[in-house]
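Please read the following note with the sequence and the three-dimensional view at hand. It takes up the strands and then selected residues in turn.

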Amino acid sequence: MTDPTEPPDLASTPNVIPYVDPHDGPRRLLTIDISTYVFHAGAYIPFAGIDGRQYVVSWGAVSFEIPADRNVHVSVHLQSNGGAGYTPSPFASIILYPNPLPQRLATQFARGGVGALVPLP
């Protein structure tokens, strides 16, 4: 029987990408909402980066297990599939500070290619 006061085992939770680098400390859940608000989804492939490790991901909400006791670098970039007039690789990046609570971020990209990862409540 599982103790309800213990944090969940995120690495075995369905649809959560596990943290694969060495880390023995506590972990937390990060969800990134990757939006197609400005860009045509068929023209770009989204990539998410956690501490420099890149993942090809889908549009919409993507969940990761990340360390809770240290800074974590998070980035998202959109790789262009080509075509006239498309911005090559729009990107966004943020450093998350130590925090035991789950966190949710949303992408905000501008036509110029530079974007932001914005914390959601």
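Predicted model: local features only at pLDDT ≥ 70, side-chain atom pairs only at ≥ 80, totals over all residues.

1. An open sheet of 4 strands is arranged in the order β4-β3-β6-β7, and its pairing is antiparallel. Because β4 (53-56) and β7 (91-96) each have a single partner strand, they form the edges, and one side of each is left without a neighbour in the sheet. On average, neighbouring strands of this sheet are turned by 20° against each other, direction ignored.

2. Pairing of β3. Strand β3 comprises residues 44-50 and pairs with β4 in the antiparallel sense over 4 bridges. Two positions may be located in the view: Gly49 stands opposite Gln54 in β4, and Phe47 stands opposite Val56 in β4. Towards β6, strand β3 is joined by 7 bridges, and these two strands also run antiparallel. Here Ile45 stands opposite Gln79 in β6. The hairpin of β3 and β4 has 2 residues between the strands, and in this hairpin Asp51 takes a positive phi near 50°.

3. Is strand β3 largely enclosed by the rest of the structure, or open to the outside? Of its 7 residues, 6 are buried, and therefore β3 is largely enclosed by the rest of the structure.

4. Surroundings of Pro46. Leaving aside neighbours within four places in sequence, Pro46 is in contact with Ile34, Tyr55, Val56, Val57, Ser58, Trp59, His77 and Leu78. Pro46 and Ser80 are 34 residues apart along the chain, and their C-alpha atoms are separated by 9.0 Å.

5. The sheet with β2 and β5. A further open sheet has 5 strands in the order β1-β5-β2-β8-β9, with mixed pairing. At its edges stand β1 (16-17) and β9 (115-120); each has a single partner strand, so one side of each is left without a neighbour in the sheet. Strand β5 (residues 60-67) runs parallel to β1, to which it is joined by 2 bridges. In this pairing, Val16 stands opposite Ser63 in β5.

6. Strand β2 and its partners. Strand β2 (residues 27-34) pairs with β5 in the antiparallel sense over 8 bridges. Arg28 has Ile66 as its bridge partner in β5. With strand β8 (residues 103-109), β2 pairs in the parallel sense over 4 bridges, and the bridge partner of Ile32 in β8 is Leu105. Since 6 of the 8 residues of β2 are buried, this strand is largely enclosed by the rest of the structure.

7. Thr107. This residue lies in strand β8. Its relative accessible area of 7% is under 20%, so Thr107 is buried. What does the side chain of Thr107 reach? It reaches the backbone nitrogen of Ser35 at 3.1 Å. Apart from neighbours within four places in sequence, the residues in contact with Thr107 are Ile32, Asp33, Ile34, Ser35, Val76, Ala116 and Leu117.

8. The largest nonpolar core. This core has 23 residues, and those with the most contacts inside it are Leu30, Ile32, Ile50, Phe64, Val74 and Leu117. Two or more residues are given to this core by each of β2, β3, β5, β6 (72-80), β7 and β8. Which element provides the largest share of this core? That element is β6, with 4 residues. Ile50 touches Tyr19, Leu30, Tyr55, Phe64, Ile66, Val72, His73 and Val74, not counting residues up to four places away in sequence.

9. The aromatic pair. The count of aromatic pairs comes to 1. Tyr55 and Phe64 form this pair, which is tilted, with 5.5 Å centre to centre and 55° between the planes. Is Tyr55 buried or exposed? Because its relative accessibility is 17% and the limit is under 20%, Tyr55 counts as buried. Phe64, at 2% relative accessibility, likewise counts as buried.

Notes: Residues numbered from 1 in each chain as written. Heavy atoms only, no water. Pairing = 2+ DSSP bridges. Axes fitted to C-alpha atoms, helices over the stretch in contact; angles between N-to-C directions. Phe/Tyr/Trp six-rings, centres within 6.5 Å; stacked < 30°, edge-to-face > 60°. Buried < 20%, exposed > 50% of the residue type's maximum accessible area, 1.4 Å probe, protein only. Core = buried A, V, L, I, M, F, W, Y, C linked by side-chain atoms within 4.5 Å. Contact = heavy atoms within 4.5 Å. Polar contact = N/O pair within 3.5 Å; in protein donor to acceptor, adjacent residues only side chain to side chain.
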